[in-house]
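Here are my notes on this one, jotted down as numbered points. Have the structure open while you go through them.

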Amino acid sequence: MAAWKEFLTNEGFEKLKEARHFADELAKDDPDEEPYRSLYKARDLLNSVKKVLKKTADKRHWDADFYFVWCALELKLGTIYIATEEKATGEEHLLGCLEKLEDFKLTKEGMGIYQDTLNQMGILWSGRGKPEEALDYFKQAELIYVDFKSIVGGAPFMIDEFLTAPSEEDSDKREAERKVKFESAYTHTLFYFAQVYQQLGDAEISAQYCNLTLQRQLDSQSLDRLDWSLHAATLSQYYMTQRDFNMSRHCLASAEVVFQQEEANDVTNCPDEVKEKMQQAKADIIRCWIKYALGLMDYSREQLLQEAAGNGEEEANDYKADGRDSDKESEAIGVQQASDAHSVHSNGKVDESEDTSREENDPIIADESVEQNETEQTSQEIKSTANENDQTSTENTGEDKKYVVTDNTSQHEQVVLDKENDEEKKQLEREAISKRSELLRKEAMKKDGKKFNLEVTSHEEKITDKPLKTFDEAREIFLIIKKWIEQAKEFYKLDHHCPDYVAIVQDHSLSFKFLSFFELDMERQCKMQKRRIDMLSEILNELNPQHYLLVSRQLMFEIADTYSTLMDLKMAILEAAGEGVRPTPHHVKKINLLVKESIKYYQEYLNTLKGGKPVYPDEFPNNDVRPGLVAMFCMGRLYSKYIPGDVQTRLMNIKKSKDCYQFVVDYCNRNRSAKALVEGEYQICKEMVDLLPAKMEKIRLEAET
C-alpha cells in the first residue's frame with residue numbers, strides 16, 4: 001500500500017471526518033463574535049491532512065487515485081476559504097483543482113469534483129458582482145453534465161467518497177446515491193442560472209431556468225414541499241405582472257396542492273417554530289392569491305378603458321407586453337406587495353452559502369417569464385454544435401499562421417499578437433459554449449413545457465383567469481379577495497407583523513378601488529371610496545411615524561389620493577344634475593371639506609420629506625422625487641377645486657395653486673434629472689405658472705367693475 005494511502009487509513013480519514021463535522025454541523029452554531037470559528041478548525045484539519053499527503057506521495061509521479069483525493073481536498077479548502085471571506089485564496093485552490101482535473105473531467109472519478117468546482121467558481125464571481133464571469137462557469141457546468149451523460153453515462157463518484165474510508169456498502173445503493181448527488185448538482189446549476197440572469201436583467205431567461213429548477217425538484221426524491229410551494233407561489237407573481245394569468249394561476253394552484261400535501265403530515269408534535277413556519281407559508285401563499293386577483297381586476301379595468309377609448313386589441317396586447325402599472329404613484333412611494341412575502345435574495349447575487357452537494361431542496365426562485373414558440377430544429381442544432389469547441393480550435397490553427405514571426409517582426413510585437421490570438425480563441429470558445437447552452441435551454445423548455453405535472457384543476461377552477469367584463473364578475477372576485485384577506489390576517493397581526501399587516505390592509509383598499517370602476521352608480525362609488533379612507537386612516541392612526549416612516553408615507557399618499565377621487569365623484573354628481581342646478585350649501589361644504597382633507601394628507605406626506613427642518617431640501621431622496629413632485633402637483637390642482645365664497649378667498653386659492661406649480665417647475669429646473677420623472681406634470685405646471693397670474697388679474701378687474 002502506498003504511504004499516502006496508509007496515512008489516510010490510519011489517521012487521515014478520521015481527521016477528515018472531524019473536519020466535516022466542524023464545517024457542516026458545528027459551524028451553524030458559531031457565536032456572532034466568532035462567526036468562522038468552526039470553519040477555521042475545519043480548514044486547519046484539512047490543511048494538516050494535505051501537508052502529510054504531499055510529504056508521503058511519490059514526488060516524481062502522482063497516480064490517478066492521488067489526483068482525485070488531492071483535488072477533492074482542494075475543492076473543500078477553496079470552499080471554506082471563500083466562506084471565511086478569503087476569496088482570493090479560495091479562488092487559487094479552485095483554479096488549481098480545475099487545472100489538475102482538465103484531463104479527467106469526463107471520467108467517473110473526476111466529473112463530480114470538476115462539476116462542483118465550476119459551480120463554486122460561478123458562485124464566487126457572482127458574489128463579486130461579476131455575473132458575466134459567473135455565467136461562463138455555470139455554462140461550463142451545464143455542458144459538462146450533458147456531455148458526461150451522453151459520452152460516459154451513469155453517475156460520477158461523490159466528492160466525499162475520496163475523503164472517507166472505503167465501506168462495504170451495497171454497490172446498487174451507492175450508485176443510486178451517486179445519481180441523486182449528480183442530478184442535485186445540476187439542479188443547483190439551473191438555479192444559479194436563474195439568479196445570474198436575474199442579476200443581468202434578463203427576466204425571460206431567468207424565469208425559464210426557474211421553471212426548469214422547479215420541474216426537476218418536483219421529480220426529485222428529496223422534495224422539500226414547503227419550500228417548493230413558496231417558490232412556485234413567488235414565481236406566479238412574475239407571470240401575473242406579465243399578464244399571463246393562466247400560468248400565474250397554475251403556479252399558485254400547484255403551490256397550494258404541494259403545500260396541502262405537506263400540511264397533511266401530522267404536525268401536532270412538531271416544535272412551535274415548525275408550526276409557525278407552516279402557518280406563515282400558508283398566509284404567504286394566500287397573499288399571492290390576493291395579488292393575483294388584484295392584478296386580474298386591474299388588467300380588466302385597463303382592457304375596458306382601452307376598448308372605450310377605441311384602441312382595440314392591439315393596444316391591449318401592448319399593455320400585456322410591457323406590464324404597465326396603472327397605480328404609478330402608489331408604486332413610486334414603495335408600496336410593498338404581497339409578492340415580497342417570500343422574496344429572492346435581497347442583493348440579487350448567487351447565495352454563497354449554497355453547496356451543490358446538498359439535496360435539491362433550497363433554491364429560492366426568482367420571478368420571471370418563460371419563452372415560447374421555439375423552432376422545431378432545436379434538437380438538431382444542439383447535436384450540430386456539440387463539438388463546436390473542437391471545431392473552433394481547428395479553425396484557430398489556421399488563423400495562427402498569420403502570426404508567424406518574420407525577420408521584420410520584433411519579439412514584443414509577437415507577444416502582443418500571441419496574446420490577441422489567445423483572446424480570440426477564448427472568445428470563440430465562449431460563443432460556442434453560449435450557443436450550446438441556449439439551445440439546451442430551449443430544448444428543455446419544449447420538452448418539459450411550462451406547466452407542472454400536477455392535478456390542479458379543482459384549485460384553478462375557484463377563480464377565473466379571463467378578463468372581467470361586468471360588475472357582477474368583479475364583485476365575485478372582490479368577495480374572494482375579502483375572504484383571503486381575513487385568512488391572511490389570522491397569521492399577520494398588527495402587533496407582531498406590522499408592515500405585512502399594513503400591506504394586507506392596502507390590498508383590501510385596492511380591491512375597493514378596482515371594484516368601484518365596475519360600479520355605474522356614482523353614489524355607491526363614493527361609499528366604496530369612503531370605506532377605503534376609513535380603513536387606511538384607522539391603520540395610520542395606529543402607527544408611530546418615527547418607527548414606520550415608509551409605511552406611514554405610503555398611507556398618507558394613498559389617503560390623500562382617495563380623498564381627491566371622492567371629491568371628483570362629488571363634483572361629477574353635481575355636474576350630472578344639470579347646468580341649471582346650483583349646488584346647495586351642504587354640497588359646497590362637503591366638496592370643500594374633501595379638498596381640504598386631500599391637501600392635508602398630501603402636505604403631511606411632504607412634511608416627512610423635510611427631515612425635521614422648516615423648509616424642503618434642495619433635492620429629495622431618489623425614491624421620493626417623483627411622489628414628492630406629484631404630491632405638490634396634486635395640491636396645485638386641488639386648490640383650484642375649492643368653491644370660494646368671495647373674491648379674496650378665490651384669489652388666495654389661485655395664488656396657492658400657482659405656488660405649488662412653481663415649486664415643481666423650480667425643482668425640475670434646479671435638478672435636471674427630475675424632469676424626466678415628471679415630464680407630463682412639468683409641462684402642465686409650466687403652463688399654469690404662465691396662465692394663472694393673468695387669470696388672477698382678470699378676477700381682480702371684474703371685482704372692481
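1. Arg441 sits in helix α16, which covers residues 411-448. Buried or exposed, for this Arg441? Buried: its relative accessibility is 4%, and the cut-off for buried is under 20%. Have a look at Leu212 as well: 229 residues separate Leu212 from Arg441 along the chain, yet their C-alpha atoms are 8.9 Å apart. Bear in mind throughout that this is a predicted model.

2. Now the overall picture. The protein chain has 26 helices and zero strands. Of its 705 residues, 47% are buried. As for contacts between residues at least 6 apart in sequence, 75% of them link residues at least 24 apart.

3. In soluble globular proteins, nonpolar side chains tend to be buried together. Here the largest nonpolar core runs to 178 residues, and Leu8, Leu53, Ile113 and Leu629 are the ones with the most contacts inside it. Which helix gives the most to this core? That would be α11 (residues 272-308), with 15 residues.

4. Setting aside residues up to four places away in sequence, Leu53 touches Trp4, Phe7, Leu8, Phe66, Val69, Trp70 and Leu73. Leu8, in that list, is another of the residues with the most contacts inside the largest core.

5. Leu53 also turns up where α2 meets α3. The axes of α2 (residues 37-56) and α3 (residues 64-83) come within 10 Å and cross at roughly 155 degrees. Angles over 145 degrees count as roughly antiparallel, so α2 is roughly antiparallel to α3. Their crossing is left-handed. On the α2 side the contact includes Leu39, Leu46, Val49, Lys50 and Leu53, while α3 brings, among others, Phe66, Val69, Trp70, Glu74, Leu77 and Tyr81. By type, the contact residues of this pair come to 13 nonpolar, one polar and five charged.

6. His93 ties in with that pair. It belongs to helix α4 (residues 87-101). What does His93 contact, leaving aside neighbours within four places in sequence? Lys50, Glu74, Leu77, Gly78 and Tyr81. Among these, Lys50 is one of the α2 residues in the α2 and α3 contact, and Glu74, Leu77 and Tyr81 are among those from α3. His93 has a relative accessible area of 12%, so it is buried.

7. Two backbone spots to check by eye. Glu85, in the loop between α3 and α4, has a positive phi of about 65 degrees although it is not a glycine. Arg243 likewise is not a glycine and has a positive phi of about 65 degrees. Arg243 is in the loop between α9 (225-241) and α10 (245-263), and it is buried, with a relative accessible area of 7%.

8. Gly153 is another loop residue, found between α6 (131-151) and α7 (171-199). With a relative accessible area of 16%, Gly153 is buried. Its contacts, not counting residues up to four places away in sequence, are with Lys108 and Phe148. From Gly153 to Leu106 is 47 residues in sequence, and 9.9 Å in space, C-alpha to C-alpha.

9. The α19 side of the contact includes Tyr501, Val505, His508, Phe512 and Leu515. Met528, Arg531, Arg532, Met535 and Ile539 are among the residues from α20. How do the residues of this contact divide by type? Into nine nonpolar, six polar and three charged.

10. Last pair: α21 (residues 549-576) packs with α22 (residues 585-607) at an angle of about 160 degrees, their axes 8 Å apart. That angle makes α21 roughly antiparallel to α22. The crossing of α21 past α22 is left-handed. The residues in contact here divide into 15 nonpolar, three polar and six charged.

Notes. Residues are numbered from 1 along each chain as its sequence is written. This is a predicted model: local features need pLDDT of at least 70, side-chain atom pairs count only at pLDDT 80 or more; totals for chains, interfaces and linings use all residues. Side-chain values use heavy atoms; hydrogens and water are left out. Axes are lines fitted to C-alpha atoms, for helices over the stretch in contact, and angles run from 0 to 180 degrees between N-to-C directions. Helices (H or I, at least four residues) and strands (E, at least two) are DSSP runs, numbered from the N terminus. Angles under 35 degrees count as roughly parallel, over 145 as roughly antiparallel, 65 to 115 as roughly perpendicular and the rest as oblique. A crossing is left-handed if the near helix is turned anticlockwise from the far one by less than a right angle, and right-handed if clockwise. Ala, Val, Leu, Ile, Met, Phe, Trp, Tyr, Cys and Pro count as nonpolar, Asp, Glu, Lys and Arg as charged, and the others, Gly among them, as polar. A nonpolar core is a set of buried Ala, Val, Leu, Ile, Met, Phe, Trp, Tyr and Cys residues joined through side-chain atoms within 4.5 Å. Buried means under 20% relative accessible area, exposed over 50%, partly exposed in between (1.4 Å probe, protein chains only). Contact means heavy atoms within 4.5 Å.
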